[in-house]
Amino acid sequence: MHVDCVSLFPDMFAAVIEHGVVRRAHEQGRWSLEVWNPRDFAFDAYRTIDDRPYGGGPGMVMRPEPLARAIDAAGAAWNARQDAAGKRAAGAASRVIYLSPQGRPLDDARVRELVALDRMVLLCGRYEGVDERLLRQTVDEEISLGDYVISGGELAAMVLIDAVVRQLPGVLGDERSAEQDSFNGGLLDCPHYTRPEVYAGEPVPPVLLSGNHAQIERWRLKQSLGRTWLRRPELLAARGMDARETVLLDEFRAELNSGSTGQ
Ligand code: 9WO
């Protein structure tokens, strides 16, 4: 996977190159990153990348031409590399993605589809946003991470990079990747505990100390179902439950009413 980011703040992307699982995958060549600064593609005397909004109002809007040139330059560099590797004819899959609250909400299913791309171009807006004509003509897809505004698209782009890169083949260990299969099967994660056995008067649920792996697996699934039912009922409705899961969720509800945290 190759990622081209178009951003006025190239240095921000050190955050994703320099840390953790995503850094290791980068070092191993599983993905590559190039950042393109629209400032370098602004050719008027003042190298303007933004201007006042037509119709008036506060703030500034990013001009389309420097963004289009930056995106084109990224595409040309990619094509040249593909040609050099003799891969051009194969027809690689690329998408130009704009990160904004107007986009389609990102979920695990879409992340898994993006993993199949050879290349993503992530357009990072600043100020009040990007000229609509650039979005219409050049952007394939608009993605939102949620219903809130942040100061620019960079942090959202890095969240997307992290979510996609950790799903690339071989990036997470084998045991993790099996368990990571499809967002814990469409359920929220179960609670986790580590040492000490009693913390601030609260013990670890005894079943986790029992060594009975079938019972532990059963308890974890019950907790996942219960938490999803309590916190994100729409996820449960979207996914449905089999007979065993229905029994487990009934047990969770009964234990909730009796105040038991138990087995
Ligand atoms: C800025 C602003 C200032 C005053 C009044 C209204 C305003 N709206 C915005 C705004 O939405 N700016 C955006 C900043 C322009 C596009 C890039 N920016 C952005 C992306 N903010 N939040 C995101 C984002 C991306 C993905 N998922 C959630 C939020």
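Let's start with E234: at 42% relative accessibility, this residue counts as partly exposed. E234 belongs to helix α10, and its side chain makes a polar contact of 2.7 Å with the side chain of R232. Keep in mind that this is a predicted model.

**Helix α11 on its own**

- Helix α11 covers residues 243-258, which is 16 residues; at 1.5 Å a residue it should span 22 Å, and its end C-alpha atoms sit 23 Å apart, so the two values agree.
- Which residues of α11 are buried? They are E245, L248, L249, F252 and E255.
- Look down the axis of α11 and those buried residues fall within an arc of 120°, so they line one face of the helix.

- At the start of α11, a side-chain oxygen of D242 comes to within 3.2 Å of the backbone nitrogen of R244.
- Just after α11 comes G259, with a positive phi of about 80°.

**How α9 and α11 meet**

- Two packed helices are described by the angle between their axes and the distance between the axes.
- For α9 and α11, the axes come within 9 Å and cross at roughly 75°.
- Angles of 65 to 115 degrees count as roughly perpendicular, and α9 and α11 are therefore roughly perpendicular to each other.
- On the α9 side, the residues making the contact include E217, R218, L221, K222, L225, W229 and L230.

**Helix α3**

- Helix α3 has 21 residues (64-84), so at 1.5 Å a residue it should span 30 Å; its end C-alpha atoms are 30 Å apart, which agrees.
- The buried residues of α3 are P66, L67, A70, I71, A74, G75, W78 and Q82.
- What do the buried residues of α3 pack against? The list is β1 (2-6), β2, β4 (61-62), β5, β6 (119-123) and α5 (132-138).
- After α3 comes G86, whose phi is positive, near 65°.

- S144 sits in strand β7 (residues 141-144), and at 2% relative accessibility it counts as buried.
- Leaving out residues up to four places away in sequence, S144 touches S100, P101, G103, R104, P105 and L106.
- Is Q102 buried or exposed? Q102, which lies in strand β5 (residues 94-105), is exposed, with a relative accessible area of 63%.
- Q102 and L172 are 70 residues apart along the chain, and their C-alpha atoms are separated by 31 Å.

**A buried loop residue: N37**

- N37 lies in the loop between β2 (32-36) and β3 (50-51), and its relative accessible area of 16% makes it buried.
- The side chain of N37 reaches the backbone nitrogen of R39 at 2.9 Å.
- Not counting residues up to four places away in sequence, N37 touches S7, L8 and P10.

- Most residues other than glycine have a negative phi, and most peptide bonds are trans.
- R47 has a positive phi, near 50°, and is not a glycine. You'll find R47 in the loop between β2 and β3, where it is partly exposed with a relative accessible area of 40%.
- A200 also has a positive phi near 50°, again in a residue other than glycine. A200 is in the loop between β8 and β9 (202-203) and is exposed, with a relative accessible area of 70%.
- Where is the cis peptide bond that involves P196? This bond joins R195 and P196, with omega at about 5°, and P196 is in the loop between α8 (182-186) and β8 (198-199).

Technical notes. Residues are numbered from 1 along each chain as its sequence is written. Side-chain values use heavy atoms; hydrogens and water are left out. Helices (H or I, at least four residues) and strands (E, at least two) are DSSP runs, numbered from the N terminus. The expected span of a helix is 1.5 Å times one less than its number of residues. Buried means under 20% relative accessible area, exposed over 50%, partly exposed in between (1.4 Å probe, protein chains only). The arc is that of the directions from the helix axis to the C-beta atoms. A polar contact is a pair of N or O atoms within 3.5 Å; within protein, one must be able to donate a hydrogen and the other to accept it, and residues adjacent in sequence count only if both atoms are side-chain atoms. Axes are lines fitted to C-alpha atoms, for helices over the stretch in contact, and angles run from 0 to 180 degrees between N-to-C directions. Angles under 35 degrees count as roughly parallel, over 145 as roughly antiparallel, 65 to 115 as roughly perpendicular and the rest as oblique. Contact means heavy atoms within 4.5 Å.
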